[in-house]
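Q: I have this structure open and want to go through how the pieces pack. Can you take my questions as they come?

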Amino acid sequence: MITVRHILFVYLHCAIYTLLNCLSVKDQMYENIIANNPCFLRLNGTNQFGCTSSRFGNVGTLHLVTNSTDLDWLFNEGQADPYTVALTPKMFNREVLQDIELSTKVNGIMLLMNGTEEEVINNDNLQNNGFSPEDTCPNRYSGVSSCPMKPWNPYGTDILLKSWSFPIFVVYDQDTIKNIVDCFKNHNLPLNKQNDQSLCALELKSHMYAAVDSKTCLRRTMMSYQNIRPIKFCDPLGDKNVYWSLKELRPNTPNQSIAIVAARLDATSMFQDLAPGALSTATSIVTLMTTANLISEMLSYNDASNFSRNVMFILFNGEAYDYIGSSRVVYDMLDGNFPNDLIKLNNSHVGMYVELSQIHYDKEVVFYRPMKHNVSDNINNFMNAFNKSLSDDGFSVTESESTSIPPSSLHSFLKLDPKFPGIILTGFKDQFKNKFYHSILDDAENIQYNNISKTIASISTSLSYSLYKFITNSNYNGLKQANSSYVTKLLDCYVKSMNCEVFQSLTSPLHLPENPPNYYISIDMITNTLTSLSRLLFASFGSKIINKVQSEEKCLNYRTKQGFVPVWLRGNYNACYSTTSNVTDAVSPAFIIPDYDLSSSEYSTWTESVWHEVQIRMFLRQSLKLQIVIFVLGILVFLFSFIIVKKMYDQSGINFNNQEVNSVTNF
């Protein structure tokens, strides 16, 4: 006869077996998706931008959208909502995202890139029409001139500066994309029977802790410090500016004796760790580096010391976010701390400022200057020499007639002094040629790799000759020119992979990442790998070896004369060098000025949200009928369990009394 004890034994045995096997059941239910690049949340003093999921993730039925018909079905006929939409590249645009935002049926988005399916791999629409998530006028509210009638970035969609109510991920792995497409086709088709079958679904998890704006999230962080376990909600954006000068910078620098050659060191995009910035940033950096290397060969340190003038090369960081790096340099100049509190350079020491911006593969250079009718002699002399040298090489050198100047670090200096002697050398006239400005598509394929090396070499050579004339007040009569093969090697480093020949020669045996550089500035507690490598590259130009120092530890503690710092170069150098290469803080003054009003637009107020976990899981969501059956069975099991417990409770007196009597009798 089956007693309550037998039923309880079987019930407990099943429960223990289920608990012991719960992990394997969970693993069988979910398939983890390789996707480490979510759209994340950034904030400024007044708003938040980007994406976040709910705290425990967003779950939705998978729906593949390859054309407008798929999207129309989702909005008008889809009944298995909420949905997670897998978009092909040609459907990833402002209009589609806005339609999805207005819909109440979508809980998340995945962008499928580089897939094996024909409908996924077709990027012709993006390649031909262009795709830039940036504003049509980048840094619209932080410049000295308004947006022109023809906006700088005609391909801009502004989706980078929107706050989306759902998470967005980009997926590159081909096997993963195939699994997603197969799951949709095997389980979610035909579409008209979705309520009668188990459906492929996705869980997107990328919860961001910050909210509202930088002022709010920083205040919440400060308030949490009063707790035993404080919580950080966001961090200010920041990194380092990198600079190098032909000879040391001195406290008694004569006025207008320094020529600054500048470029930006950063780019951005919607997705974490994906900011390739090839044409947006890298080509200008390579042009600047090639020029610095060539001028160091044309003018040795001893020769340059015979002249009162100097040239300083600087890479500004964080320029994509309201000119973080350049505005900090201007602030430090006013505060007497640039590049440090001993040398104290300011704008009066700058005789000429030349900025490189989006150097293109076409043999065309367009220059912009803010004061067309009141240009300094240094700028005039520089442009005459530069124009002549490039024109002889078959280039077209023209001046833009625009009354505005394009997005550039020069804006920060013009805020300080409207008559600042600056000029911008670009590869575009009035509007960007780059179709993918601040996009994940701004990679090696966007710069016509085979053509641009010779273009950069010619521009660098002409730029070096013009700087030589600024320093010596005479023409260069030597034979040195920029080598296009060296330019190609630098492009490999700044566009294709950081584990390249030039960087390896400075860092070996350290292993560098194989992936292309990520130009996103990140937060002020982290120094970007590319920032450190760029500084080492500068240090290899014209620096003097310190023979009496034989170890890296002693090199770091070695005292050099003012204006120099010791740097240990590994790889082919493997020695301690005295160099002018150094860094300065690229953190907005807004975060160091006491009680600064973060709603002010004077300085950048950008922060990045903190997040805990990024994950995508794919699973089968049971049909509505099966969910009802499971729900009913759950109620029946609950009632059955209740009856068993009630019966045990009613018989507890008999069972326990018998045990007590037996135990006493046995004793």
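Q: Which strands does helix α3 lie across?
A: Helix α3 (residues 68-76) lies across β4 (58-65), β5 (83-87) and β6 (106-112). Its direction runs at about 140 degrees to β4. Axes are lines fitted to C-alpha atoms, for helices over the stretch in contact, and angles run from 0 to 180 degrees between N-to-C directions. Contact means heavy atoms within 4.5 Å. Helices (H or I, at least four residues) and strands (E, at least two) are DSSP runs, numbered from the N terminus.

Q: And what does α7 touch?
A: Helix α7 (residues 174-187) packs on the sheet and touches β1, β4, β6, β7, β8 and β22. The angle between its direction and that of β4 is about 85 degrees.

Q: Before I go on, what sort of model is this?
A: It is a predicted model, in which local features need pLDDT of at least 70 and side-chain atom pairs count only at pLDDT 80 or more, while totals for chains, interfaces and linings use all residues. Residues are numbered from 1 along each chain as its sequence is written, and side-chain values use heavy atoms, with hydrogens and water left out.

Q: OK. What is the strand order in the 7-strand sheet?
A: The order is β1-β22-β8-β4-β5-β6-β7, in an open sheet with mixed pairing. Its edge strands are β1 (31-32) and β7 (168-171), each pairing on one side only. Two strands pair if DSSP finds at least two bridges between them.

Q: How many bridges between β8 and β22?
A: There are 7, linking β8 (residues 199-205) and β22 (residues 615-621) in the antiparallel sense. Leu199 stands opposite Arg621 of β22.

Q: Thr61, buried or exposed?
A: Thr61 is buried, because its relative accessible area is 0%; buried means under 20%, exposed over 50%, and partly exposed in between (1.4 Å probe, protein chains only). Thr61 lies in strand β4. Setting aside residues up to four places away in sequence, its contacts include Tyr83, Leu199 and Arg621.

Q: Changing topic: how many residues in the largest nonpolar core?
A: The largest one has 79 residues. Among those with the most contacts inside it are Phe313, Leu425, Tyr494 and Phe538. A nonpolar core is a set of buried Ala, Val, Leu, Ile, Met, Phe, Trp, Tyr and Cys residues joined through side-chain atoms within 4.5 Å.

Q: Which helix gives the largest share?
A: Helix α9 (residues 278-298) does, with 11 residues of this core. In α9, 20 of its 21 residues are buried. The helix reaches 28 Å from its first C-alpha to its last, close to the 30 Å expected at 1.5 Å a residue; the expected span is 1.5 Å times one less than the number of residues.

Q: What is Tyr494 in contact with?
A: Leaving aside neighbours within four places in sequence, its contacts include Ala282, Ile285, Val286, Met289, Phe503 and Leu537.
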